[in-house]
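Please study the structure shown below before working through the exercises. Each task is followed by a solution in steps.

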Amino acid sequence: LLYGHNPRGTSKDPAGSFCFTPESYLYTTTTHTFTTTSITSTTTITEIPELVSITDVTFTDTHPHPWTLSGLISWTPPSNLENVLHYVVTLSHDELNTGGTELADPSLSTQVPVGSNSLQMMPHVWRKTLLLDYPANFIIVRAFRSDLGRLQPLTQAGIAAIYDVSSEKPAETSKLLSLSFIPEDEASDRWVGTVAWQRQPGADVGFISSWDIYLAKDVKGSGKRLIASKPADVYKADISVAAEAGDTCVLIYARNANGLSQLPQSAYLRDDLRPLVTSSGGDQFNLMQNVSFADGSAVANKISGLVTWSPPENLTGVTHYEVWQAADAENSYGTQLWDFNDGNPRTSIPVGTNQMNVMECWRVTTATGIPAVKIVVIPRPNLDTSTWGSTHLWDDGGTVPQAIELTTFTFSGYDSEDKIGGTLSWSFLDPVLDSGSLTHFAIYFALNANGWYRKFHTYVPVTDLSYVIPDSTVKGSENCLLLYGHNPRGTSKDPAGSFCFTPESYLYTTTTHTFTTTSITSTTTITEIPELVSITDVTFTDTHPHPWTLSGLISWTPPSNLENVLHYVVTLSHDELNTGGTELADPSLSTQVPVGSNSLQMMPHVWRKTLLLDYPANFIIVRAFRSDLGRLQPLTQAGIAAIYDVSSEKPAETSKLLSLSFIPEDEASDRWVGTVAWQRQPGADVGFISSWDIYLAKDVKGSGKRLIASKPADVYKADISVAAEAGDTCVLIYARNANGLSQLPQSAYLRDDLRPLVTSSGGDQFNLMQNVSFADGSAVANKISGLVTWSPPENLTGVTHYEVWQAADAENSYGTQLWDFNDGNPRTSIPVGTNQMNVMECWRVTTATGIPAVKIVVIPRPNLDTSTWGSTHLWDDGGTVPQAIELTTFTFSGYDSEDKIGGTLSWSFLDPVLDSGSLTHFAIYFALNANGWYRKFHTYVPVTDLSYVIPDSTVKGSENCLLLYGHNP
C-alpha cells in the first residue's frame with residue numbers, strides 16, 4: 001500500500017494498493033494469481049466450497065454470570081485439509097467479524113492445530129469485542145490456509161450464535177430490532193405474508209434463545225396471541241393465520257429460560273390500521289383528539305409534513321382550525337404554521353378538513369432560546385386551552401438526539417449487592433429543554449457514569465419525568481443508572497444524567513466511603529496510606545520476536561497491606577489512565593490472579609491492542625480488587641509499566657507521536673538552560689521505543705545536530721544546560737530502540753526569534769507603519785466593512801499612497817485588496833495624510849481557497865520591505881461566538897501538586913490555515929474534565945499568542961483539566 005506522508009503524519013487512506021493474492025474469495029470458482037519480479041503466471045484453482053468450509057459450530061455457555069462466557073467450542077473441519085495450517089476462533093458482533101477478538105485455549109494459545117477441532121475457553125471470558133458498545137453475539141471459526149497465506153474467507157467460516165446463560169431476561173426487542181410485515185395475500189379472513197426482522201447496530205442478542213411472534217390489538221400487546229416461534233439465528237417467518245376482529249399489528253418478543261422480553265418491536269399489518277396519537281384532558285364533547293404529526297423534512301430544526309386530528313363532537317361555533325408550533329400544549333410562544341394547500345398557502349383550515357400539510361419552516365417559537373416541542377391544533381374561536389389538541393413535536397432531522405442537559409437526576413430506593421428497586425426522577429428548566437429531537441428517554445445500567453459496558457433497561461416517554469424501577473431488579477456489577485435521549489434513529493451518544501450507587505473513583509490520599517441503607521445513612525472516613533495499598537515495581541520483558549505481538553512474564557510487588565485484596569487484574573492500556581484497557585489472561589489462572597501469585601504469564605501470542613481501534617497498547621496496568629471498595633483499586637494505587645515491544649521495527653517518527661516544547665530558564669548567551677518537555681499525541685504508538693534522544697540542531701531537519709541528553713521511554717522531560725554553538729536554532733527529539741533511531745524528529749525552536757520568517761526580515765523604526773486598528777461594521781459572518789486607521793511612518797520620503805489589504809498574515813500572503821467607500825467614489829489608493837479607510841462591505845477572503853483572511857495589512861507604496869508594513873488582527877464580528885478551532889498541539893510543561901500548578905501552556909496550529917477571524921482572544925479555563933464540566937475561568941490570551949505562563953502556586957482546586965477556548969466580545 002502507498003500512503004501520502006508529511007511531518008504531521010500519514011494519510012488515513014491508502015492512495016494505491018497491490019495484493020499478491022486476492023483479498024476475498026466470494027465465489028465458487030476462485031482464481032489465484034502468483035507474481036514474481038521476472039515472470040507472471042496465472043493458475044486457476046476451482047474450489048468446491050463444501051470441501052473447504054467449516055460446519056456445525058457448537059457452544060454451550062457454562063458460566064452463570066451475564067456477559068461472561070466459558071465452555072467448549074467445537075466444529076466439523078473441512079473435508080479437504082490439504083492447505084489448512086491451523087484454526088483461529090473469534091468473538092464477533094455479527095456474522096461479518098465486526099470487532100472480532102481472538103479467543104485463546106489455555107493449552108493451545110490462539111492457534112488451534114489441525115486435528116484439535118475444539119477450543120476450551122478461558123474460565124472467565126468477557127462477551128465483548130474490540131468495539132465499545134458492540135457486544136459479542138457470534139463465534140466464528142476459520143482455517144488459516146497456506147495457499148492463501150491468510151485466513152479463509154468468511155463465506156467458508158463456521159459461525160454460531162452465542163446464548164449467554166445467566167439470570168438476565170432478553171432486552172426489549174424495540175431496542176434490538178427493526179420489524180416489517182410484507183403481505184402476500186389481502187384476503188379478509190387470513191393474514192398471509194412474511195414477518196422479517198433485522199438487528200440494529202450494537203444490538204445485544206446474546207441473551208436470546210428464540211423469537212416469539214404474536215398478533216395483537218395494539219403495539220402494547222393487548223389481546224396478543226402466539227403465531228410462531230423461531231430460533232435465535234433465524235430472522236424471518238412466513239405466516240398464514242386466521243384473522244380476528246381488532247387485529248392491528250404483529251409483535252416480536254425475545255425469549256430465554258428466564259422469560260420474555262418487555263417492550264416488543266411492532267409492525268402494522270396494514271398502513272390503514274396505524275392509530276393516531278390521542279391527546280388527553282378537557283371536555284370530551286368539545287375535545288380535539290388524535291392529533292398526530294410526522295416530520296417530513298430531512299433537515300434538522302426544520303419541519304414539514306402532515307398534521308391530522310379528530311374534530312370535537314360539538315362543532316357549534318367553530319369557524320376554522322389553526323395549527324401552531326409552541327413550547328407547550330397551551331401554545332406558549334407559539335408561531336403559526338402554514339398549510340401548503342396545493343400551492344395556495346393558508347393558515348385557516350376549514351371545518352371538515354381535519355388535516356394540514358405543513359409548509360417547510362424552521363422549528364422556532366417567538367422567544368429566543370425557547371424551542372418548539374409541541375404541535376397545537378386550535379378550534380377557533382375557542383379560547384379554552386384544555387379542549388385544544390396537541391402532540392409532541394419530533395423533529396426528524398435524520399440523526400440521533402442532541403445532547404440534553406438535566407437540572408436534577410435522583411434515585412430514591414434501595415441498593416443491595418446486585419439488585420435495586422425504587423424511583424428514578426429527573427427535571428429540567430421547562431420549557432428550555434429542547435426535546436424536539438427526542439421521542440423517549442432510555443434508561444441504562446453501566447459500570448460508570450460514562451456508560452462503559454452499558455446494559456439497556458427500558459424506554460420512558462419524553463413527556464414523563466420519572467420511572468419506577470421494580471423491586472429486585474437485577475443490576476449485576478453495573479453500579480450506575482444512566483439516562484439518555486432516544487428517538488427512532490437511535491440513542492444519544494452521551495448520557496444526560498447519571499446516578500452511581502458506589503463512588504466511581506478514589507483519587508485522593510484520604511478516601512471517604514459512604515455506606516447507605518434504606519433507613520439510615522452514615523459516613524465513615526477511612527484514611528489510607530497509599531504506600532501500604534499500592535502495587536509497585538511492575539516488570540515485563542517481551543519474549544515474542546514479532547512486532548505488535550507480546551509474550552512473557554509480568555511480575556509486581558504486592559501492597560504491604562493485603563487485608564482487603566481479593567485478587568489482581570492485569571490490563572493492556574493505551575495510556576496510564578487505562579484508556580481502552582483489555583484484560584490479560586494467564587493460561588493457568590484465568591483473568592483473576594490470586595493473592596500470593598504476584599505474576600502473570602502471558603498467552604504465547606498476545607496482540608498489543610486495546611478495546612479502542614487505532615489506540616495501541618503502550619502500558620501494562622496491575623490493580624487489586626478490594627473487598628472494602630467492591631471494585632478495583634483506583635489508578636493512583638495501581639502498578640504501571642511501559643511496554644517495550646521487541647521486534648525488528650524501528651520506532652515511528654516522533655513528528656507523528658509527540659508534541660515538544662522548550663521552556664528557557666536562563667537567557668545567558670553562551671548556554672542553553674531550560675526544560676525540554678514532550679507529550680504523547682492521542683493514538684500514538686510508543687511501544688517500540690526504549691529511549692528518547694535529544695539533540696540541538698541548526699534547523700528542524702537536523703543539520704549539524706549534536707546529542708545533549710537521553711532519557712528512558714517512560715520519562716517525558718529533560719532539564720538541560722548546554723554550551724551554545726553558532727547557528728543553534730532548535731531542539732529535536734528522536735525515539736530509539738535496538739534497531740536504531742526514528743526518522744523524522746519532532747522539533748521546537750529554542751527562542752521565538754530564531755523561527756525563520758516566511759518573507760524578508762529586518763525593519764527600520766523610522767520607516768515603520770504603526771497603530772493599525774480595524775472595527776468590523778458588518779453584521780454578516782464572513783463579511784467585513786468599517787473603519788481602518790493607522791499612524792504613518794515618521795519618514796514619508798518616497799511614499800506616494802497607502803493600500804489596505806486583507807490577507808493570511810502580516811506579509812500580505814494571498815492578499816485581496818480592499819476598497820475605500822470615499823463618499824460614494826470608491827478607490828483603492830489612499831492619499832498620504834488621510835491615514836484611514838472606510839472599507840466597503842466585502843467577503844472576508846484571500847486569493848487561496850481554504851486559507852482565510854485573518855490580518856488587515858496597510859502598505860505605504862511603493863515600499864516592498866514587509867517588515868515596515870503595518871497590520872492588525874482581523875476580527876470578523878458576525879454577531880456570534882467564535883467558530884470551533886482545531887489545534888495541532890496543546891501542551892503543558894511545569895508542575896502539578898494536589899491543588900496547585902505552575903508552568904507553561906503552549907499550543908500551535910497549521911499557520912495560516914486556522915481561521916482565527918472569529919476570535920479576538922483565547923480563553924483559558926480549569927475544569928473537572930476535558931468536556932468542560934464545572935469550568936472555572938482563569939484568563940484571556942490575545943489571539944496572536946501561542947503560549948501562556950501560569951504563575952507558580954496557582955490554585956486549581958479539584959479541577960484537574962486545563963482547557964483552551966476561542967473567545968470574542
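The exercises below concern a predicted model.

**Exercise 1. The sheet that contains strand S71**

Determine the strand order of the open sheet of 3 strands, and state which strands stand at its edges.

Solution. 
Step 1. The order is S72-S71-S74, and the pairing is antiparallel.
Step 2. Strand S72 (936-942) and strand S74 (961-967) each have a single partner strand, so they stand at the edges, and one side of each has no neighbour in the sheet.
Step 3. On average, neighbouring strands of this sheet are turned by 25 degrees against each other, direction ignored.
Step 4. Strand S71 (residues 921-927) pairs with S72 in the antiparallel sense over 6 bridges. Within S72, Pro-942 is the bridge partner of His-921.

**Exercise 2. Aromatic pairs**

Classify the pair formed by Trp-75 and Tyr-87, and then the pair formed by Tyr-444 and Phe-456.

Solution. 
Step 1. A pair of aromatic rings is described by the distance of the centres and the angle of the planes. The whole structure holds 25 aromatic pairs.
Step 2. For Trp-75 and Tyr-87, the distance is 5.5 Å centre to centre and the angle between the planes is 65 degrees. Planes over 60 degrees apart count as edge-to-face, and this pair is edge-to-face.
Step 3. Trp-75 belongs to strand S7 (residues 72-76) and Tyr-87 to strand S8 (residues 84-92), so the pair ties together parts that are 12 residues apart in sequence.
Step 4. Tyr-444 is buried at a relative accessible area of 2%, and Phe-456 is buried at 13%. Tyr-444 and Phe-456 form one aromatic cluster with Tyr-459 and Tyr-484.

**Exercise 3. Charges over rings**

Over which ring does the charged end of Lys-302 sit, and over the face of which residue does Arg-127 lie?

Solution. 
Step 1. The charged end of Lys-302 sits over the ring of Trp-362, 4.7 Å from its centre.
Step 2. Arg-127 lies over the face of Phe-207, at 4.8 Å from the ring centre.

**Exercise 4. The largest cavity**

State the volume of the largest cavity, and describe its lining.

Solution. 
Step 1. There are 4 cavities of 30 Å³ or more. The largest cavity has a volume of about 600 Å³.
Step 2. Its lining comprises 26 residues; Thr-101, Glu-102, Thr-582, Glu-583 and Leu-584 lie nearest the centre.
Step 3. Strand S9 (101-102), strand S12 (125-126), strand S46 (582-583) and strand S49 (606-607) are the elements that give two or more residues to this lining.

**Exercise 5. Backbone details in loops**

Locate Pro-381 and Trp-67, and decide whether Trp-67 is buried or exposed.

Solution. 
Step 1. Arg-380 and Pro-381 are joined by a cis peptide bond with omega of about 10 degrees. Pro-381 lies in the loop between strand S30 (374-380) and strand S31 (389-392).
Step 2. Trp-67, although not a glycine, has a positive phi of about 60 degrees. Trp-67 is placed in the loop between strand S5 (55-59) and strand S6 (68-69).
Step 3. Buried means under 20% relative accessible area; at 12%, Trp-67 counts as buried.

Conventions
Residues numbered from 1 in each chain as written. Predicted model: local features only at pLDDT ≥ 70, side-chain atom pairs only at ≥ 80, totals over all residues. Heavy atoms only, no water. Pairing = 2+ DSSP bridges. Helix = DSSP H or I, 4+ residues; strand = E, 2+ residues; numbered from the N terminus. Axes fitted to C-alpha atoms, helices over the stretch in contact; angles between N-to-C directions. Phe/Tyr/Trp six-rings, centres within 6.5 Å; stacked < 30°, edge-to-face > 60°. Buried < 20%, exposed > 50% of the residue type's maximum accessible area, 1.4 Å probe, protein only. Lys NZ or Arg CZ within 6 Å of the ring centre and 35° of its normal. 1 Å grid on protein atoms, 1.4 Å probe; cavity = no way out; pocket = protein on both sides within 12 Å on 5 of 7 lines; lining within 4 Å. Points joined across faces, edges and corners; volume = space filled by probe spheres on them.
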